[in-house]
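Biologist: I am new to this structure, and I would like to learn how to read it. Could you walk me through a few features?

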Amino acid sequence: MSNVLLGLFFSIIIACGALVKKSLTISGFIAAIILGTSVFYFGGVFLSAIMVAFFVSSGILSKFNKHSKAFTKDIHEKTGGRDYAQVLANGGTGLAFSALWFYTKNPLCLVAYAVSFAAATSDTWASEVGVLSKAEPISVLSFKKVEKGVSGAISLLGTFSAILGAGFIATTFLIGYIMLFGYNIKAIIYFAAVAVFGFSGCILDSILGATLQGKYSCEVCGKLTEKRIHHNRK
């Protein structure tokens with residue numbers, strides 16, 4: 001019970017900060033509290049720190065040079081603060097693995113948990129920083145030039161940011177793992193796995209974005225968009 005109350009306390013504080021900064025909607029705020037409390041119960045400070053590292057760093061980057069990213073509002077279906085669906089999409093898999101760790105104590109569950117957040121962080125950092133690239137992005141599949149902000153678009157800046165994002169979570173995992181279990185060769189192997197598979201998850205997400213994400217051509221301005229309604233036209 002003490003873990004639940006402690007997790008609830010810290011989750012409310014962090015979620016309130018995100019709500020004030022408009023990084024979360026009301027539904028996202030509630031979902032973040034439930035997610036944070038549950039993860040803290042199953043995985044304590046170690047797993048919670050990884051989750052917080054993702055949400056806080058992503059929230060900061062979403063506000064960085066925000067005026068230069070304003071054009072993405074015309075492209076993406078969802079913009080602004082994360083709602084409950086986005087919170088669960090980013091943290092739901094991690095929550096499942098934190099529960100598996102709690103009941104099995106299998107260290108691979110810790111690795112899988114970290115990979116889920118490394119992939120989410122890698123993808124978010126790539127998106128938030130990549131759109132600021134001065135060079136035109138290319139499609140992850142055809143390697144032809146595409147519009148900035150379109151799902152499946154990649155750039156050198158975005159790719160480098162994706163690597164940094166995966167490495168950031170891998171480093172957070174490594175520090176926590178060593179503090180709990182001490183330094184050993186497994187720590188390095190797990191660190192590498194989190195970094196590599198986290199970045200790979202970002203690439204996979206780009207491929208899915210290029211192939212499965214719905215894109216529409218606006219009859220008014222002619223631009224590609226993920227919105228079903230643009231300039232008040234379907």
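This is a predicted model: local features need pLDDT of at least 70, side-chain atom pairs count only at pLDDT 80 or more; totals for chains, interfaces and linings use all residues.

Biologist: At roughly what angle do the axes of helix α3 and helix α4 cross?

Modeller: Axes are lines fitted to C-alpha atoms, for helices over the stretch in contact, with angles from 0 to 180 degrees between N-to-C directions. Helices are DSSP runs (H or I, at least four residues) numbered from the N terminus. Here α3 (residues 84-104) and α4 (residues 107-130) cross at roughly 170°, and their axes come within 8 Å. Angles over 145 degrees count as roughly antiparallel, and α3 and α4 are therefore roughly antiparallel to each other.

Biologist: Which residues of α3 and α4 meet?

Modeller: Contact means heavy atoms within 4.5 Å. Among those that meet are Phe97 and Trp101 in α3, and Tyr113 and Phe117 in α4. For classes, Ala, Val, Leu, Ile, Met, Phe, Trp, Tyr, Cys and Pro count as nonpolar, Asp, Glu, Lys and Arg as charged, and the others, Gly among them, as polar. The contact of α3 with α4 divides into 10 nonpolar, seven polar and no charged residues.

Biologist: Is the crossing of α4 and α5 left-handed or right-handed?

Modeller: A crossing is left-handed if the near helix is turned anticlockwise from the far one by less than a right angle, and right-handed if clockwise. The α4 and α5 crossing is right-handed. Their axes lie 7 Å apart, at an angle of about 150°. The contact of α4 with α5 includes Trp125 in α4 and Phe181 in α5, and by class it has 17 nonpolar, six polar and no charged residues.

Biologist: How do α2 and α5 cross, and which residues meet?

Modeller: The axes of α2 (residues 26-63) and α5 (residues 156-181) come within 9 Å and cross at roughly 160°. This crossing of α2 and α5 is right-handed too. Phe46 and Phe54 in α2 are among the residues that meet α5, where Tyr177 is one of the partners.

Biologist: What lines the second largest pocket?

Modeller: A pocket is an open set of points on a 1 Å grid over the protein atoms alone, where a 1.4 Å probe fits, with protein on both sides within 12 Å along at least five of seven lines; lining residues have an atom within 4 Å of a point. The second largest pocket is lined by 23 residues, and Ile14, Ala15, Ala18, Phe55 and Val56 lie nearest its centre. α2 gives the most to this lining, with 12 residues.

Technical notes: Residues are numbered from 1 along each chain as its sequence is written. Side-chain values use heavy atoms; hydrogens and water are left out. Helices (H or I, at least four residues) and strands (E, at least two) are DSSP runs, numbered from the N terminus. Angles under 35 degrees count as roughly parallel, over 145 as roughly antiparallel, 65 to 115 as roughly perpendicular and the rest as oblique.
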